Amino acid sequence: MTAHPAHIHVVSSIEDEASGPSYSVTRLAEAQAGLGLSVGVYSLARTPRDELHAGVRRRSFAASLTGVPVLSRLDFSRDLRRALDAAAAEGALLHVHGLWRMPNVDPGRSARRHDAPLVLSPRGMLGAAALAFSARQKRLFWQLAQAGAVAPVRCFHATSDAEVADIRAFGLTAPVAVTPKGLDLPAPPPRGPREREVLHLGRIHPKKGIDRLLQAWALVAPEMPGWRLRIVGPSEGGHTADLKALARRLSLGDSVCFEGPLYGADKQAAYRRAALFVLPTRHENFGMVVAEALAQGTPVISTKGAPWQGLETGRCGWWIDHGPEVMAATLREALATPPEELAVMGARGRDWMARDFGWEAIAARMAEVHAWCQGLEERPECVVI
């Protein structure tokens, strides 16, 4: 394979199955390929590959400077840079996902050099909570590299109105296309009682607000014997150890358990087993785990750090303010709700996911955005100027 696809999604990595981009970027690309478009996904990997998968050309490149402290964490790749330059010279549209790494910078440089159309999905990385982590390093990286790479963006992609606000608050003025992430709807969950279990699933990271969830659980658990809080996911920066220490200080005992990441059928089974899913996040641009839980008929509590106000309007969960006290009050209400009523709430959530979050419709909307950025179509309705 020599020629480059006409639409190239660029992401630092798709090797970590627990990472949102590993699923959402590849599925968006596959759904666009299903519409007859020439689509590729370019990323970094330990073992470089060039293969065709579900109609999508997946190219992975080796990182450079792997032995250089600090710089190695920025994911430099000379091979990826050369490939992006060649693709931009051929007129390919580059759609970059994320910020703060060189694979998020190189597409902008190639687009500017060859006047190629560029789309950027910040993927929640411009939210106030996300920017607060490693804030000094991000400000420096913005000045040295990222700002120039963002300058040629013809359109940003946001997954919610809240992310549009984040983009504008950061001072970026290019048009924004608002399109949610898609979802592969699983088979209907079996009928019958759920376990007396509250599930949180996802990356174990400080921005997820799990510390606040544990503090809320400490207020509720003595009143709810037989219920268990299950926290599942990969630890980032050793944060699981911090949370386990907090759980010991709060004397939570066996009412909370910590597990490593689950994938595929095991992850779906965890959603189906739980009576309730909780996302206590400080900030999310979307919160894919909410959609996944609803697709399995599991009602959800989410903080307003994620843009899921539809939980209330769709009567399939709770959308609440931050803080352990608010979370505790909501947990009391949810756990006191009869199982039959929780099942009805979960069914409403699954219907919502089937109606509004199918990949085919979302890929078609993004294809319209790409065509507009290429000067081939009028501005789509989902684009905010």
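Author: A disulfide is a pair of cysteine sulfur atoms within 2.5 Å of each other. In this predicted model, a search of the whole structure finds 0 disulfides.

Reader: How do you know that Cys155 is in no disulfide?

Author: The nearest cysteine sulfur to that of Cys155 belongs to Cys373 and is 4.7 Å away. Since a disulfide requires the two sulfur atoms to be within 2.5 Å, the distance of 4.7 Å between Cys373 and Cys155 is too far for a bond.

Reader: What makes Cys155 buried or exposed, and what about Cys373?

Author: A residue is called buried when its relative accessible area is under 20%. The value for Cys155 is 0%, so Cys155 is buried, and the value for Cys373 is 6%, so Cys373 is buried as well.

Reader: What is the phi of Ser251, and how do you know whether Ser251 is buried or exposed?

Author: Phi of Ser251 is near 55°, a positive value in a residue other than glycine, although most residues other than glycine have a negative phi. Ser251 is found in the loop between helix 8 (239–249) and strand 11 (256–259), and its relative accessible area of 64% is over the 50% limit, so Ser251 is exposed. Ala54, in the loop between strand 3 (49–53) and strand 4 (56–61), also has a positive phi, near 55°.

Reader: What makes helix 7 roughly parallel or roughly perpendicular to helix 8?

Author: The axes of helix 7 (residues 210–220) and helix 8 come within 10 Å and cross at roughly 15°. Angles under 35 degrees count as roughly parallel, and helix 7 is therefore roughly parallel to helix 8. The contact is formed by Ile210, Asp211, Leu214 and Gln215 of helix 7 together with Leu243, Leu246 and Ala247 of helix 8, and these residues divide into 5 nonpolar, 1 polar and 1 charged.

Reader: How do you know whether helix 10 and helix 13 are roughly parallel or roughly perpendicular to each other?

Author: Helix 10 (residues 288–295) and helix 13 (residues 339–356) pack at an angle of about 115°, with their axes 7 Å apart. Angles of 65 to 115 degrees count as roughly perpendicular, and helix 10 and helix 13 are therefore roughly perpendicular to each other. Ala291, Leu294 and Ala295 in helix 10 meet Gly346, Gly349, Arg350, Trp352 and Met353 in helix 13, a contact with 5 nonpolar, 2 polar and 1 charged residues.

Methods: Residues are numbered from 1 along each chain as its sequence is written. This is a predicted model: local features need pLDDT of at least 70, side-chain atom pairs count only at pLDDT 80 or more; totals for chains, interfaces and linings use all residues. Side-chain values use heavy atoms; hydrogens and water are left out. Helices (H or I, at least four residues) and strands (E, at least two) are DSSP runs, numbered from the N terminus. Buried means under 20% relative accessible area, exposed over 50%, partly exposed in between (1.4 Å probe, protein chains only). Axes are lines fitted to C-alpha atoms, for helices over the stretch in contact, and angles run from 0 to 180 degrees between N-to-C directions. Angles under 35 degrees count as roughly parallel, over 145 as roughly antiparallel, 65 to 115 as roughly perpendicular and the rest as oblique. Contact means heavy atoms within 4.5 Å. Ala, Val, Leu, Ile, Met, Phe, Trp, Tyr, Cys and Pro count as nonpolar, Asp, Glu, Lys and Arg as charged, and the others, Gly among them, as polar.
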